[in-house]
Amino acid sequence: MVEVSNLVKAFGSKLAVDDISFSVGDGEILGFLGPNGAGKSTTLNIMTGYLSANSGTVKIGGIDILEKPDEAKKQIGFLPEQPPLYPDMTVDEYLGFVYELKNCKYNRKKHLEEVCQVTKLSDVRGRVIKNLSKGYKQRVGIAQALIGNPKVLIFDEPTVGLDPKQIIEVRNLIRTLGREHTVILSTHILSEVQAVCDRIVIINGGKILCDKPTDSVSSAINKNSRYKLKICGPQREVMTALREAEGVEHVEVTSEREKDSCTFIVESSGTVDIRKSVFYKMSENNWPIIGMAPEGLSLEEVFMKLTDEAEPVSERSKRRGRKA
Amino acid sequence: MLAIYKREMRAYFTTAQGYLFMAIFLCASGFLFSLTTLLMQSSDTATYFQFLMYGYIVIIPLLTMKSFAEEKKAKTEQLLLTSPVSLTGMVMAKFLAAFTLFFGTVIISMLYYLVLGLYGEPNWAKVIGCTVGMILVGSCFIAIGMFVSALTENQFVAAMGTIGVLAGLVVVAVINGIIDSYFVRLIFDWVSIYSRFTNFTNGIFDFASAFYYISMCAVFLFLCVRVYEKRRFA
């Protein structure tokens, strides 16, 4: 449905997007993940025809966005980082304007009603946009993207600035939309893509670091499994014992501490399951394990790992040396 | 394109901008009109139109300053630029909306002539010729104002910049009086919007000048489109 190939975009001497290629299939939800300034918004802006690339092509449903912009744009619903709202209009006026702007051919009243229903805006349709809360504004932005029923929906950081309840609502909404549309969303929150997307593209410094289905990403990134353990017992002895347990590669103590228990992060080497051996080791010493949970990597750690892998070894050691 | 035009028109009248523009325009032109004709007990409108052009320097930017600057600031231009509307369509829609408001206000201001007709004997051909000329000058100013507005995201900068450019184009004629070089004078005379209006005030409908105003307007609208095209590649 969407095909991006060899996209390059430079702002002055700074390369914002550096030879990015990926494609998104029909009905797929793609998560575009990266830290601030990674080139996410730039890529999305190029895909929607707001910016032009220095080189490379974007095809939406087989149509090149530069060659036939009008036809390609008709197939895209775009929610930019900051929803493009006219504060002086009411929600109804605004959506009506977008409806006309996109030159839609549906039954106007019915179509707007549907869109408002999906985005739960029916109650505020008569209100002036500037008086709405941030969450509602975001929803008006999403509604705007849905008008005209485009095949491809592109959301740039759709949950930024929302409260937890609204975040969950927006995620659910995106998941529902993903059933009928191809959705591309950008975010810098790892758990968000894990919760919503079928596939993850991680970019940093304008380059793609990883392009994989969601389930395989965490295991691909982290070849070792990590567990967070809460154990009642003397810290130093427990630590030594943990190191001795079969399959354990690395142990560290966290700063979390309760009255008589300590928390450890234990990492195994490879795919060895260390849970049993740790359990027996602790029971030998009569130190009860009162908590054990798999520990995912935070986004920062994922980046550290990926960027470390991407860099040639010599450069990595140079960087480490400089740091030291 | 129609959608943008309609939205612009609605925006003029749901905010104070449209009303303020009309009020200031009518106040200023009414004042100039009574000053130059009624108080002078003259039915000659030449001075009125000349003064009115000076008025336009300040009034027209009020109309155009927000056209693109505000969209850029509120990021709403992202919606316009990613929707299936051409850049030319977008610029034309905005121009036509501003022009409609301007034209409507000029039509209202034509009530003044009624007073003149009741108490004097104006040269109607000249009055109408000058009015048409001033509408052309106005649309030319609107195009320039929109161009300046497209360059910035600050409305104040847009307004002041436009005033500067317009004042320059009009005042060139005044500076001309003190320049010795015939050649420079010729060029300035050719460029100056004000000098080109002289024939209108003399009662001649100068097609060359009319064409000049229209092409000036077209050039700046074209530049507006180019500004947006260039920004994409920036």
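1. D18(A) lies in strand β2 (residues 14–24) of chain A; helices (H or I, at least four residues) and strands (E, at least two) are DSSP runs, numbered from the N terminus. The model is a predicted one, in which local features need pLDDT of at least 70 and side-chain atom pairs count only at pLDDT 80 or more, while totals for chains, interfaces and linings use all residues. Residues are numbered from 1 along each chain as its sequence is written, chains are lettered from A and ligands numbered from 1 in the order in which they are written, and side-chain values use heavy atoms, with hydrogens and water left out.

2. What does D18(A) touch, if residues up to four places away in sequence are not counted? The residues are L7(A), G206(A) and K207(A), where contact means heavy atoms within 4.5 Å. With K207(A) there is also a polar contact of 2.8 Å between the side chains. A polar contact is a pair of N or O atoms within 3.5 Å; within protein, one must be able to donate a hydrogen and the other to accept it, and residues adjacent in sequence count only if both atoms are side-chain atoms.

3. Chain A as a whole has 324 residues, of which 51% count as buried. Buried means under 20% relative accessible area, exposed over 50%, and partly exposed in between (1.4 Å probe, protein chains only). The secondary structure of chain A comprises twelve helices and 14 strands. Among contacts in chain A with a separation of 6 or more, 67% are between residues 24 or more positions apart.

4. Helix α3 (residues 91–101) of chain A is largely enclosed by the rest of the structure, because eight of its eleven residues are buried. These are V91(A), Y94(A), L95(A), G96(A), F97(A), V98(A), Y99(A) and L101(A). They pack against α4 (108–118) and α5 (134–146) of chain A, together with α1 and α5 of chain B. After α3(A) comes N103(A), whose phi is positive, near 60 degrees.

5. The contact between the two chains takes 28 residues from chain A and 23 residues from chain B. The chains bury about 2,500 Å² between them, 60% of it on carbon and sulfur atoms. Buried area is the accessible area (1.4 Å probe) that two parts lose on being put together, summed over both. On the side of chain B, L79(B), P84(B) and R232(B) lose the most area to chain A, together 27% of what that side buries.

6. How many salt bridges are counted between chain B and chain A? The count is one, formed by the side chains of E100(A) and K6(B) at 3.1 Å, N to O. A salt bridge is a side-chain nitrogen of Lys or Arg within 4 Å of a carboxyl oxygen of Asp or Glu. Eight residue pairs are in polar contact across the interface, with both residues at pLDDT 80 or more. The elements of chain B that give two or more residues to the side touching chain A are α1 (2–14), α4 (69–74), α5 (77–81) and α12 (207–233). By class, that side has ten nonpolar, five polar and eight charged residues.

7. Over all chains, the count of aromatic pairs is 24. Rings of Phe, Tyr and Trp (its six-membered ring) pair if their centres lie within 6.5 Å; planes under 30 degrees apart count as stacked, over 60 as edge-to-face and the rest as tilted. One tilted pair is F21(B) and F25(B), at 5.8 Å centre to centre with 45 degrees between the planes. Both residues lie in helix α2 (residues 17–38) of chain B, four residues apart, about one turn of the helix. F21(B) counts as buried because its relative accessibility is 2%, and F25(B) counts as buried because its value is 1%.

8. F99(B) and F102(B) form another tilted pair, at 6.3 Å centre to centre with 50 degrees between the planes. They are three residues apart in helix α6 (residues 87–109) of chain B, so about one helical turn separates them. F99(B) is partly exposed at 21% relative accessibility, whereas F102(B) is buried at 0%.

9. Ring pairs link F21(B), F25(B), Y56(B), F95(B), F99(B), F102(B), F103(B) and F141(B) into a cluster. Not counting residues up to four places away in sequence, F25(B) touches Y56(B), I59(B), F102(B), T105(B), V106(B) and S109(B). The C-alpha atoms of F25(B) and V58(B), 33 residues apart along the chain, are separated by 9.7 Å.

Definitions and conventions:
Nonpolar A, V, L, I, M, F, W, Y, C, P; charged D, E, K, R; others polar.
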